[in-house]
Amino acid sequence: METKIGIGYDSHKFVEGRKLFLGGVEIPYAFGLFAHSDGDVLIHALIDAILGALNLGDIGMFFPDTDPQYKDIRSTILLQKIPDLLSEKNAEIINIDSVLMLEAPKISPYIAEMKDTLSQVLKIQKAQISIKAKTNEGMGFVGKKEGIASIVVVLIRIK
Ligand code: MG
């Protein structure tokens with residue numbers, strides 16, 4: 001048995017006229033995130049972390065933002081491809097730890113639902129997923145409420 005670690009990072013800027021999705025959950029807010037897909041930074045960083053652990057490249061190689069089939073796609077649909085990729089590599093997730101960096105909106109009321117959603121899509125237990133939110137104390141693009149960033153670390157086991 002072998003263990004592998006992966007890290008993922010993503011950020012998107014706020015724009016008017018789009019819904020906000022984080023961790024697969026729609027969150028009521030005045031802005032959404034600008035992206036080819038729904039802009040779910042947590043799921044994008046999560047996919048990159050898993051692809052990194054498997055040494056399979058990055059999200060842009062699997063789901064190019066030039067491909068019309070991914071226009072405005074829910075990131076949960078992209079994440080649905082991950083369990084098959086893991087099993088092809090005889091890999092399974094041990095645990096996921098993540099940070100969402102955002103000044104607003106407050107997301108603590110939605111974290112349980114994010115864990116539910118992500119655990120169902122990835123076919124793992126909720127207890128294997130940690131999601132934390134941090135502000136940036138007013139500094140930089142996060143602090144100025146220009147957008148949201150996320151970092152995810154995943155540990156996998158190769159059977
Ligand atoms: Mg992204």
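By class, the lining of the largest pocket comprises 6 nonpolar, 5 polar and 3 charged residues, where Ala, Val, Leu, Ile, Met, Phe, Trp, Tyr, Cys and Pro count as nonpolar, Asp, Glu, Lys and Arg as charged, and the others, Gly among them, as polar. The model is predicted, local features requiring pLDDT of at least 70 and side-chain atom pairs pLDDT 80 or more, whereas totals for chains, interfaces and linings use all residues. Residues are numbered from 1 along each chain as its sequence is written, and side-chain values use heavy atoms, with hydrogens and water left out.

The largest pocket, with a volume of about 250 Å³, is lined by 14 residues, of which Ser37, His44, Ile59, Phe63 and Asp65 lie nearest its centre. β1 (2-15), α1 and α2 (59-62) each supply at least two lining residues, and the largest share, 3 residues, comes from β1. (Helices, H or I of at least four residues, and strands, E of at least two, are DSSP runs numbered from the N terminus; a pocket is an open set of points on a 1 Å grid over the protein atoms alone, where a 1.4 Å probe fits, with protein on both sides within 12 Å along at least five of seven lines, and lining residues have an atom within 4 Å of a point; a volume is the space filled by probe spheres set on the points.)

The axes of helix α1 (residues 41-53) and helix α5 (residues 111-122) come within 13 Å and cross at roughly 40°, the axes being lines fitted to C-alpha atoms over the stretch in contact, with angles from 0 to 180 degrees between N-to-C directions.

A cis peptide bond, with omega about -5°, joins Ala104 and Pro105, the latter lying in the loop between β5 (91-101) and α5.
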